[in-house]
Amino acid sequence: GAMASGAVVGAVAAGLYSGINSFLDAAAFATLVFAPAALPLDVGIQHALLGYMLMQFVVTRMSAAKNMITPVSYEVIPFLAKFAAFISKTVAEEGRPSSEALSTVLVGSSLVSVAAAALFACASLLPVQGGVAKMLPPPMQAGLFASIGYGLYELSFETLSLSPPLDMAADGTLFGWDAVQLWGAAHAIGFALWLASRKTSHPALFPVFVVGITVCVHAVCAATGTSLAAARENGWMMAATEGRPFWTLLEARQFSKARFDLICRPEALRELVCAVLFGPVVNTLLNLLLIAPVVGEKEMQIGLELRAHATGSLILGAAGGYSNYVAISNTAIHIKCGGVSRLSCWFAALVSALFLLVHPLFALVGYVPTLVVAATCVYIGVDFLFDNLALPLVSFDLGAAAVSWAVFWLCQQVGVLVGVIISIILGQVYAVLTSGKTKTKEAIKAE
């Protein structure tokens, strides 16, 4: 009885943490994707929350693992942000109503999830365990994830209403005092969070970070007599939003208003293809291959897990939710909070549903400092860049470092999609050439 009640308490605690975290992730998503494109924040939050709730329910029901968490996909955000910015700008230039831009962005996001569902379903029928490594060897994967990490890092500037860092350096505004206050604080906090995460994986780390930064920023505002309106205007607080009923999202995604002609333009289609491939497909496959020890399984049933993700992606895409997929770090924290059963995941989904259905809670977003999101982007970006670019150098794995840096440079020059296609082609050519040399050496030895 004591063990059972303890398990329930642990499930509630873990579910509460992951559910609240889903709301913070949804707010971050809306701030990074919807706000810069002048789209309504509350619809962006609903979009992300609906996606999390549905995917978490489906994966918890279908997965062989009992406690996997499927949060907002941060890997998709850089691509969807560029897509949203392009759509919003083009619609505005044409003098069309903003509702067209909103519908188009929501439909585009749904297409990403539906396309991912199709690819998950196909992959579930294939022996994918070694397929990803053969097509994209680890050093190439490192360059790819470093490029995605840099995209997330750049979003820290966008969150603070600043231009990309290289653009600011070029026009001399990077070291202006107003700008330095914002990005300097975000970098200091983001680096501190990154260093702390390297020292401890305690489940209280991220909640303490969010609460601590929020309290400090509000204390500074109070001490300096800065109003919330002034703090928002100067980039220190997220934009205020009054939540509307959850069906606002359903009404906003009108296929009749969606601009499919804009979705089919190369600059838009490129971002959606990248969002499908490098968020759901590659990242989810890698996470599923690596998560077994975290969830206490000897080996994951990859086919089953991919079918679960295919089902969840199809449902959330059809319903109007944003991409959510399994994440190792979120799952590990959830387990450390006491989430060792399916009950904990059900409860996390229910908490996210509460935020979705009780829309007055959305007002909380306007009290969250932008530094919370910006520092998180710095933290994740630095983590990706360090693991994939710096670590091979520190480990003196110079061959792997050269490949990862080359792929990263290529992605920065020609875009992630073209860069990866070129890398795959070069990788396969190299594999064929080295395979031929190996066979020749073996033949000589045999003689």
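**Rings and cysteines**

Guide: Phe386, at 25% relative accessibility, counts as partly exposed; buried means under 20% relative accessible area, exposed over 50%, and partly exposed in between, with a 1.4 Å probe and protein chains only. This is a predicted model, in which local features need pLDDT of at least 70, side-chain atom pairs count only at pLDDT 80 or more, and totals for chains, interfaces and linings use all residues. Residues are numbered from 1 along each chain as its sequence is written, and side-chain values use heavy atoms, with hydrogens and water left out.

Visitor: With which residue does Phe386 form an aromatic pair?

Guide: Rings of Phe, Tyr and Trp (its six-membered ring) pair if their centres lie within 6.5 Å; planes under 30 degrees apart count as stacked, over 60 as edge-to-face and the rest as tilted. Here the centres are 5.1 Å apart and the planes stand at 65 degrees, an edge-to-face arrangement. The partner of Phe386 is Trp194.

Visitor: How many residues apart in sequence are the parts that Trp194 and Phe386 tie together?

Guide: Helices (H or I, at least four residues) and strands (E, at least two) are DSSP runs, numbered from the N terminus. Trp194 belongs to helix 8 (residues 177-199) and Phe386 to helix 17, so the pair joins parts whose separation in sequence is 192 residues.

Visitor: Is the pair of Phe23 and Phe362 stacked or tilted?

Guide: Phe23 is buried at a relative accessible area of 5%, and Phe362 is buried at 0%. Their ring centres are 6.1 Å apart and their planes meet at 50 degrees, so the pair is tilted.

Visitor: Over the ring of which residue does the charged end of Arg232 sit?

Guide: A charge sits over a ring if NZ of Lys or CZ of Arg is within 6 Å of the ring centre and within 35 degrees of the ring normal. The charged end of Arg232 is 5.9 Å from the centre of the ring in question, which belongs to Tyr367.

Visitor: How many disulfides does a search of the whole structure find?

Guide: A disulfide is a pair of cysteine sulfur atoms within 2.5 Å. The sulfur of Cys264 is too far for a bond, because the closest cysteine sulfur, in Cys274, is 16 Å away. Cys274 is likewise in no disulfide, with the nearest cysteine sulfur, that of Cys411, 8.7 Å away. The number of disulfides found in the whole structure is 0.
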